[in-house]
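Open the model in your viewer and keep the selection tool at hand. The tour starts with the whole chain and then goes to single sites.

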Amino acid sequence: MRHFLDTQDFTKAELLTLMELTALLKAADKERALPRLLAGASLGMIFEEPSTRTRISFEVAMTKLGGHALYLKPGEIHLGVRESIQDTSRVISRMVDAIEARTLKHATVLELAANATVPVLNGLTDYNHPTQVLCDVFTIQERLPEGKRLEDVRLTFMGDATNVCASLLLICSRMGMHFTQCAPERYQLSQTLQDMAAFNCLVSGGSFKVVDDPALAVTGADFIYTDLWWWVGQEAEIPDRTAAFMPRYQVNEDLLARAPPHAKFMHCLPASRGVEVTDAVMDGPRSIIYDQAENRLHTEKAILVGFIDPHLKRPSQALKDSHSQKIGRFLVETALPGAGGPR
């Protein structure tokens, strides 16, 4: 059994397989012909923070695939408070077919996975966001510039070394793409992450660089991506961060004009409009942020099928009929507590 915790856990071929499955499921969904591949399956969804795209995409994906999703919001379960993460994971595993977890600390999702007997799917942590970046690369593949392969793509991330930025660095280097982060030195990717990406590039033929010059960073870029400049727990740093990034690192029409005419704009959302990006760019003709958001649904379908389906039992019709007859006979012959007497 494998978990979906980090794209680093998978080969390029495996990630491409998930993307191919995403395309097949998306096409079927658009025709309202999606097979109920997860009929009868259940997904436990643990959320330590509110979410729009992650919560909706996983829940709707399970419903469309014939399964059921249970939303476990903060305060509704005893995760790490009145009950250990280990016990929570073991108990939930007995009742569902997979666990999706959006946690504040990466250590939490790792501990859930270490103790689960069903697949654990990382919906976001302070370290990474693998479901988002798999979706991003799928969206890029859909919108490839004419004549380019995925391995030719140049993606520039403008902004802080967020969990999304780190995840993009790792998946792009794994896929053989060319990644650039542009940020003030204080907010650049750690050396540890850069070392991991360098190893990926040795295998894949991709490349990456970290720079502090926005004009240089967008030169030749096929896709320009940005994210919020601060994360949960960094609210006290907002004035300093705003001063460091504004206005030089804001994605606006002037900066976009320095990129090739075919370059598209991406954002994982939610966005602080008028801060890291202007309305004119978000709502402009080069923005693909809503295609990107929709593709979270289709990517989540592929992840759910890819990690749940291999473990689902497929009973024969004869076995189903046998159990149906036994239960039916019991119900006819036995006085149930709520019936008041034999039927």
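Helices here are DSSP runs of H or I with at least four residues, and strands are runs of E with at least two, both numbered from the N terminus. The model is predicted. On that basis, the protein chain has 13 helices and nine strands.

**Whole chain.** Select everything. The C-alpha atoms fill a box of roughly 80 × 45 × 40 Å along the principal axes. Of the 343 residues, 50% count as buried. The accessible surface comes to about 16000 Å², and carbon and sulfur atoms hold 54% of that. Now show contacts with a separation of 6 or more: residues 24 or more positions apart account for 74% of them.

**Helix α3.** Select residues 85–93. Ile-85, Thr-88, Ser-89, Ile-92 and Ser-93 are buried here. Look down the axis of α3: the buried residues fall within an arc of 125°, so they line one face of the helix. What covers them? The cover includes the strands β1 (42–47), β2 (68–72) and β3 (98–102), along with helix α4 (106–115).

**Helix α7.** Select residues 191–204, the helix that holds Val-203. Is Val-203 buried or exposed? Val-203 is exposed, because its relative accessible area is 66% and the cut-off for exposed is over 50%.

**Lys-313.** Go to the loop between α12 (289–308) and α13 (317–333), where Lys-313 sits. Lys-313 counts as exposed, at 78% relative accessibility. Finish with a distance: the C-alpha atoms of Lys-313 and Val-81 are separated by 34 Å, and the two residues lie 232 residues apart along the chain.

Technical notes:
Residues numbered from 1 in each chain as written. Predicted model: local features only at pLDDT ≥ 70, side-chain atom pairs only at ≥ 80, totals over all residues. Heavy atoms only, no water. Buried < 20%, exposed > 50% of the residue type's maximum accessible area, 1.4 Å probe, protein only. Arc of directions from axis to C-beta. Contact = heavy atoms within 4.5 Å. Areas by Shrake-Rupley, 256 points an atom, 1.4 Å probe, with all protein chains shown as cover.
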